[in-house]
Amino acid sequence: MSSIDLNSLSAEDLKQLMANAERTLRDRHQQRIHSLRKEAEELASSLNMSVAEVFGLEKTSKLTNKKLPAKYINPANPAQTWTGRGKRPHWLADALARGESLEKFAV
């Protein structure tokens, strides 16, 4: 590394030198990040995984893309069903509000 005599530089030259050094550091940092990302993607790809899966960032569920069977059915309209998960459908909530039992709608 060459030595720079900082005492011989003017205040403006020193400011310019600092700005150039900071810009170079930022550029090198970004290049390193890019390089590491590419390396991580290649390694994950070799395992047939995503980077998120490798680092445990991607939540996978056993139920993903799996349709659950209906637990409750609307006798007035058999096309209306509910798995028992999530918000109750209006047809079931209305029936329960009228005093009917949940078991009446069980499949």
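1. Beyond the residues up to four places away in sequence, Trp-91 touches Tyr-72, Ile-73, Asn-74, Gln-80, Thr-81, Trp-82 and Phe-105 (contact: heavy atoms within 4.5 Å). This is a predicted model, in which local features need pLDDT of at least 70 and side-chain atom pairs count only at pLDDT 80 or more, while totals for chains, interfaces and linings use all residues. Residues are numbered from 1 along each chain as its sequence is written, and side-chain values use heavy atoms, with hydrogens and water left out.

2. Trp-91 lies in helix 3 (residues 90-97); helices are DSSP runs of H or I with at least four residues, strands runs of E with at least two, numbered from the N terminus. With a relative accessible area of 15%, Trp-91 is buried (buried: under 20%; exposed: over 50%; partly exposed in between; 1.4 Å probe, protein chains only).

3. The largest nonpolar core comprises six residues, Tyr-72, Trp-82, Trp-91, Leu-92, Ala-95 and Phe-105 (buried Ala, Val, Leu, Ile, Met, Phe, Trp, Tyr and Cys residues joined through side-chain atoms within 4.5 Å). Helix 3 gives the most to this core, with three residues. Leaving aside neighbours within four places in sequence, Ala-95 is in contact with Glu-100 and Phe-105.

4. Phe-55 is placed in the loop between helix 2 (51-54) and strand 1 (72-74). Phe-55 counts as exposed because its relative accessibility is 59%.

5. The chain averages a pLDDT of 90, and 93% of the residues score at least 70 (pLDDT: the predictor's confidence in each residue, from 0 to 100). Confidence is lowest in helix 2, at a mean of 87, and highest in helix 1 (residues 11-46), at 95.
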